[in-house]
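Work through the exercises below with the sequence and the model open. Try each task before reading its solution.

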Amino acid sequence: MGLGARLPTAAAIKILFPGVAVSVLVAATAQFLAEHYGAPAMLMALLLGLALNFLAEQGTRTVIGVEFSAKTILRLGVALLGARISAQMLADLGSEMILLVIAGVVVTILFAMLAARLFGRGWRLALLTGGSVAICGASAAMAIAAVLPRTDKTDRNLAFTVISVTVLSTVAMIAYPPLSQVFGFSALESGVFLGGTIHDVAQVVGAGFSVSPEVGETATLVKLIRVSMLAPVVLAFSLAIRLGGLGNSDPSAKRPPLLPTFVFGFLALAVLNSLGVIPTSIAHLAEGFSRWALLVAIAAVGIKTSLLKMMDVGGSAIALIVAETVFLAVFVLVGVHLIG
């Protein structure tokens with residue numbers, strides 16, 4: 001957002017406070033429900049947030065703070081999770097599971113190109129939706145949009161994709177954990193399934209930790225493997241567009257970083273933890289801060305999500321991104337079942 005760079009600290013806090021305060025309040029309420037009624041805190045935060053979607057409408061004082069909570073606080077929470085991740089966890093994941101996750105990204109993008117033809121949609125929308133579904137949701141959509149040739153439909157397609165992957169991630173966060181239990185997956189298999197199929201990091205975290213801390217950590221690790229593929233995929237798209245003579249991306253467009261900063265923070269903490277540098281007490285403290293940061297972030301994601309705006313775009317575009325989501329889920333589900 002860069003808000004702090006443009007405004008004095010006090011002014012930035014004043015602008016951010018209403019939205020952040022609402023997100024924190026929703027998170028605290030969700031935690032209360034979890035402790036007293038046994039409901040998953042992440043799921044409660046999401047559902048309560050969805051009920052407050054009107055607070056994310058343009059013009060309300062909470063918009064900027066909610067956006068800050070859903071992005072910056074989320075990234076802080078995920079980065080702090082690295083203090084509980086080690087090389088041993090990656091070894092436990094196994095090379096077959098890692099290859100499955102990477103294959104899921106590649107085949108989903110290829111499927112998107114084929115499905116777009118069947119639904120009568122262009123290759124730009126195919127790359128945009130396929131890449132966002134395969135990699136990391138809204139973040140991938142923004143990175144991919146920056147290298148696609150601009151048209152009069154660029155902004156609309158980007159907005160549609162961001163809204164769609166958010167809504168579908170929300171649905172997946174609720175539906176996929178019970179599905180993994182139906183198939184009798186272990187904690188490792190459930191983490192790979194959730195982390196390898198849900199689009200956005202926030203919903204992966206919410207789905208994983210709603211099952212168990214072990215599943216949540218594995219799902220987050222798997223998700224970050226997908227996030228790390230953003231750079232090579234976007235570079236491949238850019239190269240293919242240039243070599244194919246399909247037009248140039250807008251030189252004035254601000255391109256987001258190909259690898260988000262929180263990934264490096266996560267990896268740095270994971271390396272330090274693997275080397276035994278982080279004391280156990282500090283790791284537990286980081287875990288506590290991480291849990292609350294993620295709870296606040298998932299509340300903000302719920303507030304941001306509108307189930308109605310997606311209907312503003314044509315039905316074939318909706319069918320395309322739903323088909324991509326289902327394809328990825330089936331591919332990883334079958335893969336986890338066969339490997340397991």
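**Exercise 1. Is Glu67 buried, partly exposed or exposed?**

Solution. Start with the ground rules. This is a predicted model, where local features need pLDDT of at least 70, side-chain atom pairs count only at pLDDT 80 or more, and totals for chains, interfaces and linings use all residues. Residues are numbered from 1 along each chain as its sequence is written, and side-chain values use heavy atoms, with hydrogens and water left out.

Next, the cut-offs. Buried means under 20% relative accessible area, exposed means over 50%, and partly exposed lies in between (1.4 Å probe, protein chains only). Glu67 has a relative accessible area of 23%. Glu67 is therefore partly exposed.

**Exercise 2. Find the salt bridges and trace the network.**

Solution. A salt bridge needs a side-chain nitrogen of Lys or Arg within 4 Å of a carboxyl oxygen of Asp or Glu. The whole structure holds 3 of them.

Step two: take Glu67 and Lys71. Their closest N and O atoms are 2.9 Å apart. Both residues sit in helix 4, 4 residues apart, so about one helical turn separates them. Helices here are DSSP runs (H or I, at least four residues), numbered from the N terminus. An α-helix has 3.6 residues a turn, so residues three or four places apart point the same way. Lys71 is partly exposed, at 31%.

Step three: take Lys304 and Glu67. This salt bridge has an N to O distance of 3.3 Å. Lys304 belongs to helix 15 and Glu67 to helix 4, so the pair ties together parts that are 237 residues apart in sequence. Lys304 is partly exposed, with 35% relative accessible area.

Step four: join the pairs. Glu67, Lys71 and Lys304 form a network of salt bridges.

Step five: take Arg291 and Glu287. Here the closest N and O atoms are 3.5 Å apart. Both residues lie in helix 15, 4 residues apart, about one turn of the helix. Arg291 is partly exposed at 44%, whereas Glu287 is buried at 15%.

**Exercise 3. Which residues are closest to the centre of the largest pocket, and what lines it?**

Solution. Begin with the search. On a 1 Å grid over the protein atoms alone, a pocket is an open set of points where a 1.4 Å probe fits, with protein on both sides within 12 Å along at least five of seven lines; lining residues have an atom within 4 Å of a point. Grid points are joined across faces, edges and corners, and the volume is the space filled by probe spheres set on the points.

The largest pocket has a volume of about 850 Å³. Its lining counts 30 residues, and Glu67, Lys71, Val162, Thr166 and Lys304 are the closest to the centre.

Now sort by element. Helix 4 (63-81), helix 8 (138-145), helix 9 (154-182), helix 11 (201-211) and helix 15 (280-304) each give at least two lining residues. Helix 4 gives the largest share, 7 residues.

Then sort by class. The lining has 16 nonpolar, 7 polar and 7 charged residues. Ala, Val, Leu, Ile, Met, Phe, Trp, Tyr, Cys and Pro count as nonpolar, Asp, Glu, Lys and Arg as charged, and the others, Gly among them, as polar.

**Exercise 4. How many residues of helix 11 are buried?**

Solution. Count 8 of 11. Helix 11 is therefore largely enclosed by the rest of the structure. Its buried residues include Val201, Val204, Val205 and Gly208.

**Exercise 5. Locate the nonpolar surface patch.**

Solution. First the rule. Patch residues have over 30% relative accessible area and no salt bridge; like charges are joined within 9 Å, nonpolar side chains (Val, Leu, Ile, Met, Phe, Trp, Tyr) within 5 Å. Areas come from the Shrake-Rupley method with a 1.4 Å probe; for residues, only the protein chains shown count as cover.

Val322, Val326, Val330, Val334 and Leu338 make a nonpolar patch of about 420 Å². Val334 lies in helix 16 (residues 315-339). Val334 is partly exposed, at 43%. His337 is also in helix 16, and counts as exposed at 52%.
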